[in-house]
Amino acid sequence: VKATVISNISLAELDRYDCIFVPASSYDKSDFFRNFKAYVEQGGGGVVFEGALCGHSRFYPETPFPEIVKNAPERIDHFSREAVWKDGIAVKTMYVDFFSPVPGKKGEVIAKTPKGIPVAVQGSAGLGKVIFNGSNSIEGVNNSYNVGETKLFGMNARLAKYAIEYFTGIQLKEKNGK
């Protein structure tokens, strides 16, 4: 797998890739909704949306795929950072809060807190697939809101590997053959 940072979300740019990871940031809302919807539904692409992009008012209070995730109206402090993956494996989120995605009729929860609050939801739309990760792939240094750059770990690393496999149908292997 090769990762590339892209600078725009034009449909021509998105169409160059099989999988897109979209960190919480500011995007033109009309391009965001139109281009990601076309990329997934008509182009068969896979997208992971993070944080407020799961339908929180910090970006926009709904998603391009309400059948998978309606919105994520609630930001939840989560200093324990505990999550449970869909296979029952306990993992830690990288950051100390998350936006809880509300699944739509075609959404499947793939990670939740031990109390059952959804953290990540997946689903199919048209020819493609989408994952909404209410957490952010940034580190909460010393279990605080202070942000540090680090390699993906815990739930966020597991979700990244899973997303690529889910979107492409190809099982990833490490370069040394593992």
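1. Start with Ser10. Ser10 sits in the segment before helix H1 (11-14). Its relative accessibility is 30%, so Ser10 counts as partly exposed. Ser10 and Gly46 are 36 residues apart along the chain, and their C-alpha atoms are separated by 15 Å. Please keep in mind throughout that this is a predicted model.

2. Next, the main core. The largest nonpolar core has 26 residues. Val22, Phe32, Phe36 and Phe49 have the most contacts inside it. Which elements give two or more residues to this core? They are strands E1 (19-22), E2 (46-50), E3 (69-77), E8 (118-125) and E9 (128-133), together with helix H2 (29-41). H2 gives the most, with five residues. As background, nonpolar side chains in soluble globular proteins tend to be buried together.

3. Leaving out residues up to four places away in sequence, Phe36 touches Ile9, Leu14, Ile20, Val22, Asp31, Val47, Phe49 and Phe65. Two of these partners, Val22 and Phe49, are also listed with Phe36 among the residues with the most contacts inside the core.

4. There is a further core. Apart from the largest one lies another, of 19 residues. Among them are Ala111, Val119, Ile131 and Ala163.

5. Now the pocket. The largest pocket holds about 920 Å³ of space. Its lining is made up of 29 residues. Ala3, Thr4, Cys19, Ile20 and Phe21 lie nearest the centre of the pocket. E1, E2 and helix H3 (154-168) are the elements that give two or more residues to the lining. The largest share comes from H3, with five residues.

6. What is the lining of the largest pocket like by class? It has 18 nonpolar, seven polar and four charged residues. Two residues link this point to earlier ones. Ile20 is among the residues nearest the pocket centre, and Ile20 is also touched by Phe36.

7. On cysteines: the structure holds zero disulfides. Cys19 is in no disulfide, and the nearest cysteine sulfur, that of Cys54, is 17 Å away. Cys19 is one of the residues nearest the centre of the largest pocket.

8. Gly134 lies in the loop between E9 and strand E10 (139-140). Is Gly134 buried or exposed? Gly134 is buried, with a relative accessible area of 0%. Beyond residues up to four places away in sequence, Gly134 touches Gly51, Cys54, Phe98, Phe99, Pro101 and Val119. Val119 belongs to the 19-residue core. Gly134 and Val91 are 43 residues apart in sequence, and 15 Å apart from C-alpha to C-alpha.

9. His78 is another loop residue to check. His78 lies in the loop between E3 and strand E4 (82-85). Its relative accessibility is 8%, so His78 counts as buried. Leaving out residues up to four places away in sequence, His78 touches Thr93, Tyr95, Val96, Asp97, Phe98 and Thr113. His78 and Tyr95 are 17 residues apart in sequence, and their C-alpha atoms are 8.1 Å apart. Phe98 is touched by His78, and Phe98 is touched by Gly134 as well.

10. Gly116 is a loop residue too. Gly116 lies between strand E7 (108-112) and E8. Gly116 is partly exposed, with a relative accessible area of 40%. Gly116 and Ser7 are 109 residues apart along the chain, with their C-alpha atoms separated by 36 Å.

11. Last, two backbone angles to inspect. Most residues other than glycine have a negative phi. Asn142 has a positive phi of about 50°, and Asn142 is not a glycine. Asn143 has a positive phi of about 55°, and Asn143 is not a glycine either. Asn142 lies in the loop between E10 and strand E11 (147-148). Asn143 is found in the loop between E10 and E11 too. Asn142 is exposed, at 74% relative accessibility. Asn143 is partly exposed, with a relative accessible area of 34%.

Note on methods. Residues are numbered from 1 along each chain as its sequence is written. This is a predicted model: local features need pLDDT of at least 70, side-chain atom pairs count only at pLDDT 80 or more; totals for chains, interfaces and linings use all residues. Side-chain values use heavy atoms; hydrogens and water are left out. A nonpolar core is a set of buried Ala, Val, Leu, Ile, Met, Phe, Trp, Tyr and Cys residues joined through side-chain atoms within 4.5 Å. Buried means under 20% relative accessible area, exposed over 50%, partly exposed in between (1.4 Å probe, protein chains only). Helices (H or I, at least four residues) and strands (E, at least two) are DSSP runs, numbered from the N terminus. Contact means heavy atoms within 4.5 Å. A disulfide is a pair of cysteine sulfur atoms within 2.5 Å. On a 1 Å grid over the protein atoms alone, a cavity is a set of points where a 1.4 Å probe fits but cannot get out, and a pocket is an open set with protein on both sides within 12 Å along at least five of seven lines; lining residues have an atom within 4 Å of a point. Grid points are joined across faces, edges and corners, and a volume is the space filled by probe spheres set on the points. Ala, Val, Leu, Ile, Met, Phe, Trp, Tyr, Cys and Pro count as nonpolar, Asp, Glu, Lys and Arg as charged, and the others, Gly among them, as polar.
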